[in-house]
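Subject: Structure handover

Hello,

Here is the structure I promised to pass on. Please open it and keep it beside this message while you read.

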Amino acid sequence: MNRTSSLFSRRAWAVLAACTLAAALLPVLHLAFPDGHPLHVSGYAVGLVGKFMCYALAALALDLVWGYTGILSLGHGLFFALGAYAHGMYLMRAIGRDGSYGSVLPDFMVFLDWKDYPWYWAFTDHFWYCMLLVVLVPGLVAFVFGWFAFRSRIKGVYFSIITQALTYAAMLLFFRNDTGFGGNNGFTDFRRILGQSITAPGTRVALYLATLALLVGALLLCRWIVRSKLGRVLQGVRDAESRLMFIGYDPLAFKLFVWTLSAVLCAVAGALYVPQVGIINPSEMSPANSIEMVVWVAIGGRGTLVGPIVGAFAVNGLKSWFTAAFPDLWLFALGLLFILVTLFMRRGILGTLPAIARFLPGRRPVVATKEEAA
Amino acid sequence: MKPLFKNLLATLSLCLPLLANAALDPALLQPLAGDDPDARVAAVARIAATGGSDARQVLQALLDDALVATPAGQVLIVRDDQAIDAATGKALPVPDGADGVVVNNRLRGAVQAALSGLALLAPARDERLAAVHSLQAQDADPAQAPLLRQALARETDTDIKAQLAQLVARADLESSDPATRLAAVTALADSGDAALRPQLQAMLTEEPDAALRAAAGATLRAIDGRVARNEVIGNLFYGVSLGSVLLLAALGLAITFGLMGIINMAHGELLMIGAYTTYVCQSLFRHYLPGAADWYLVAALPAAFLVAFAVGVVLERSVIRWLYGRPLETLLATWGISLMLMQAVRTVFGAQNVEVANPAWMSGGVTVLGSLVLPYNRIAIIVFAALVVAAVWLVLNRTRLGLFVRAVMQNRRMADCVGVPTGRIDMMTFGLGSGIAGLGGVALSQLGNVGPDLGQSYIVDSFMVVVLGGVGQLAGTVLGALGLGEINKFLEPVAGAVMAKICILVVIIVFIQRRPQGLFALKGRSVE
């Protein structure tokens with residue numbers, strides 16, 4: 001409780017506002033100054049930060065279930081990819097006849113000699129319908145899966161392993177050509193979104209700003225949830241589920257709610273990710289990708305909301321630099337980082353900050369918060 | 001080639017009683033060196049008709065481009081700079097100006113057909129069997145019937161005899177005599193050869209004789225029944241085989257996850273280490289003991305166990321021992337370990353798959369019920385899995401270490417109080433689980449690709465087996481693995497490999513709904 005309020009102290013709000021402003025300033029600098037100007041920000045940098053914000057939104061969604069409700073999902077990559085595929089369907093339709101075969105159908109369908117769109121592609125040429133799919137499909141998948149899993153009280157490790165199997169099964173399914181989602185290659189070669197060229201600087205900046213707005217909005221929403229009575233119940237589920245049941249709460253509804261909400265947020269992150277990165281394929285559903293999301297949360301500090309965002313930026317920033325500078329060493333670095341964080345920084349970067357602050361001069365020692373249950 | 005083959009076999013059958021190992025008449029060989037294609041093919045037929053081993057030698061030499069003709073018209077077999085007179089079998093110096101006998105495709109076909117016909121009469125059983133197999137692979141031909149009958153009469157081996165009888169019947173199906181056809185159709189009811197179906201199906205519609213049609217229908221049903229039975233037996237076998245693979249992959253995990261409560265995401269990489277140890281053993285044997293190269297596998301077993309055991313012990317002492325009782329964190333830390341192990345292997349051995357060969361004694365298979373072949377390497381893995389399970393059971397139930405392992409598992413504090421060195425037992429248990437993973441890796445190296453990603457492809461399956469079987473239960477793991485293997489193999493023909501896998505995952509998810517603790521109840525450190 002102490003942590004939740006201290007994290008959003010006046011100072012924290014100020015830092016948050018400053019970060020948001022700085023992030024919003026990036027694309028303005030990109031558009032306002034020409035190439036070569038010292039204040040110019042490259043399109044690559046804007047794209048990179050936009051991508052990181054999508055990851056951060058996914059990490060935030062994961063923190064809501066893992067950090068606050070104690071449910072570790074190893075399958076959030078599935079929801080991320082489902083959101084991405086739902087948006088990708090619209091983007092594929094928007095290519096129109098500009099594909100290599102000049103057909104209304106996407107290239108991969110022409111290649112498979114399909115004559116028409118399968119039924120589940122109906123209406124996907126409407127942007128808002130696809131946006132609805134982005135929310136509904138992963139939401140429904142999460143709800144049904146969660147209902148089965150939570151009802152029979154699968155929890156802890158078992159839940160994690162089953163979610164991993166779920167995303168693995170989905171990956172196998174999407175790798176198939178006859179699933180109708182482009183098989184191996186997934187969706188790519190997008191041209192337009194809402195009639196605008198997807199590569200135009202203006203479109204890219206708009207997507208970036210939309211991502212920023214949704215990330216900040218989601219952060220505020222999550223903060224409101226975890227500080228509300230609902231959030232207290234969720235933390236009760238995390239810390240002492242059986243005691244909560246004895247008091248008279250039924251954890252099923254609460255778990256199901258937060259699980260579904262988290263999946264939807266993750267799907268939104270995926271939907272924002274596709275147009276900015278320009279590709280979605282089944283490898284996003286590989287178990288390793290979902291675990292990597294968990295890494296962001298753990299390294300940033302779970303149960304802190306802001307921590308996962310910091311973690312996503314830190315790990316992916318590190319990854320961008322490392323894979324360019326020492327491509328062979330990245331897995332060593334990530335692996336080592338992970339072992340060290342689990343062994344020595346159980347509460348991640350943000351959870352460790354107060355401990356560091358204690359040693360700084362001119363600060364009153366902060367009362368250590370109670371170690372939270374794993 | 002077809003009519004030619006018929007002629008050839010007809011000639012052959014006529015000459016059968018005259019078979020003798022007499023030297024070849026040079027006049028028979030002469031046309032081979034000539035230019036007239038028809039004469040050359042006819043010469044091949046006449047040479048084959050002599051039926052002796054000399055004829056086989058000459059024809060084989062012709063096929064191997066080892067036949068030369070001197071300007072004088074003498075035909076010689078030249079191998080390893082050593083010339084032999086094809087007619088008399090005497091060794092000669094290689095003469096100057098000798099020209100190789102040119103073999104075109106037509107001649108090559110004639111020679112091959114002649115050789116497989118000759119082989120039916122060969123003295124060695126293996127050769128005759130191979131000839132039968134090669135004839136089985138060809139289309140049925142009524143002209144073969146006389147020769148096949150002759151061979152059948154001479155045959156002493158019951159197995160070959162039965163197959164020859166089938167071949168005779170198959171050839172007789174096209175006979176012009178209805179009585180012969182009827183006898184053939186009836187005889188074929190014993191066959192399980194699905195390749196006969198189109199021919200019989202055609203008889204059902206085209207055959208004028210009603211009795212024959214009925215017989216063809218009965219035979220067709222009998223064949224279909226046999227094919228279906230073979231399919232079921234085959235599926236059962238391949239299911240057990242896949243189950244054994246899953247079992248070997250999951251058995252180590254059943255110990256580290258099941259008994260110790262550690263979610264070891266690096267388990268797949270321990271399998272990979274076992275497979276790479278096998279590869280290293282193979283390379284060492286090839287380099288230092290090329291004569292015994294086929295026995296590298298025997299050395300690889302203890303080596304893989306020890307290497308994986310050592311890696312496991314190091315991991316347990318350095319990372320995992322700090323995380324007991326925090327399963328989710330063991331998951332995260334071991335995942336970090338798995339990334340590092342994978343990259344380490346990539347750095348040392350390269351990102352490409354390495355080649356691990358089956359030893360010669362593991363290639364081939366046992367033929368059961370005609371068309372069903374059970375490969376030796378699959379059988380070996382089933383036996384191996386059974387041995388490993390027996391060994392693990394013995395270690396856990398009949399040794400002091402096993403007693404301590406179970407004691408620590410059931411009540412750590414009490415075990416500690418009565419003097420069980422719990423720290424060391426933890427180390428040994430994790431090492432044991434890892435070592436078994438290493439053994440699993442040896443088995444996997446015999447079945448598929450050995451590469452840095454090997455572990456990743458088994459990790460989800462392994463966890464499914466352990467979760468399905470029930471944590472901490474050896475019997476559950478065995479049943480879970482075999483059950484998954486069987487379900488998979490029976491679904492595969494219906495739904496395809498990928499859909500079968502997806503179905504299984506769905507089945508497991510639903511199953512866990514009903515029995516959250518797996519097939520067998522939960523006992524162990526992770527009991528809540």
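B:Ser241 is buried, because its relative accessible area is 1% and the cut-off for buried is under 20%. This serine sits in helix H11 of chain B, which covers residues 210-259. What does B:Ser241 touch, leaving aside residues up to four places away in sequence? It touches B:Arg378 and B:Ile382. Bear in mind throughout that this is a predicted model.

Is B:Gly217 buried or exposed? It counts as buried, at 10% relative accessibility. Now find B:Ile504. Between B:Gly217 and B:Ile504 there are 287 residues in sequence. In space the two are 38 Å apart, C-alpha to C-alpha.

Next, the record for chain B. An unreviewed UniProt entry places the feature "transmembrane region" at six spans: 236-263, 295-315, 327-345, 379-396, 463-484 and 490-512. Residues 327-345 of chain B are 100% helix and 0% strand. The end C-alpha atoms of that span lie 26 Å apart. Residues 379-396 of chain B are also 100% helix, with 0% strand. There, the end C-alpha atoms are 26 Å apart.

Now chain A. How many helices and strands does it have? The count is 14 helices and 4 strands. The radius of gyration of chain A is 21 Å, close to the 21 Å that the globule rule gives for 374 residues, so chain A is as compact as a globular protein of that length. Its C-alpha trace spans about 65 × 60 × 40 Å along the principal axes.

Some totals for chain A follow.

- Of its 374 residues, 54% are buried.
- Take the contacts between residues at least 6 apart in sequence: 76% of these join residues at least 24 apart.
- The accessible surface is about 16800 Å², and 67% of that belongs to carbon and sulfur atoms.

For chain A, the unreviewed UniProt entry gives "transmembrane region" at residues 44-66, 78-96, 126-150, 157-175, 205-226, 252-274, 294-317 and 329-349. Look at residues 126-150 of chain A. This span is 96% helix and 0% strand, and its end C-alpha atoms lie 35 Å apart. Then look at residues 252-274 of chain A. That span is 100% helix and 0% strand, with 33 Å between its end C-alpha atoms.

Finally, check two loop residues in chain A. A:Asp189 is not a glycine, yet it has a positive phi of about 65°. Where is A:Asp189 found? It is in the loop between strand E1 (187-188) and strand E2 (192-193) of chain A. With a relative accessible area of 47%, A:Asp189 is partly exposed.

A:Leu305 also has a positive phi, of about 60°, although it is not a glycine. Its loop runs between helix H11 (287-300) and helix H12 (306-325) of chain A. A:Leu305 is buried, because its relative accessible area is 1% and buried means under 20%.

Best wishes

Definitions and conventions. Residues are numbered from 1 along each chain as its sequence is written. Chains are lettered from A and ligands numbered from 1 in the order in which they are written. This is a predicted model: local features need pLDDT of at least 70, side-chain atom pairs count only at pLDDT 80 or more; totals for chains, interfaces and linings use all residues. Side-chain values use heavy atoms; hydrogens and water are left out. The radius of gyration is taken over C-alpha atoms; the globule rule is 2.2 Å times the number of residues to the power 0.38. Buried means under 20% relative accessible area, exposed over 50%, partly exposed in between (1.4 Å probe, protein chains only). Contact means heavy atoms within 4.5 Å. Accessible areas come from the Shrake-Rupley method with a 1.4 Å probe; for residues, only the protein chains shown count as cover. UniProt positions are given in the numbering used here, feature names are shortened, and annotations may be inferred rather than shown by experiment.
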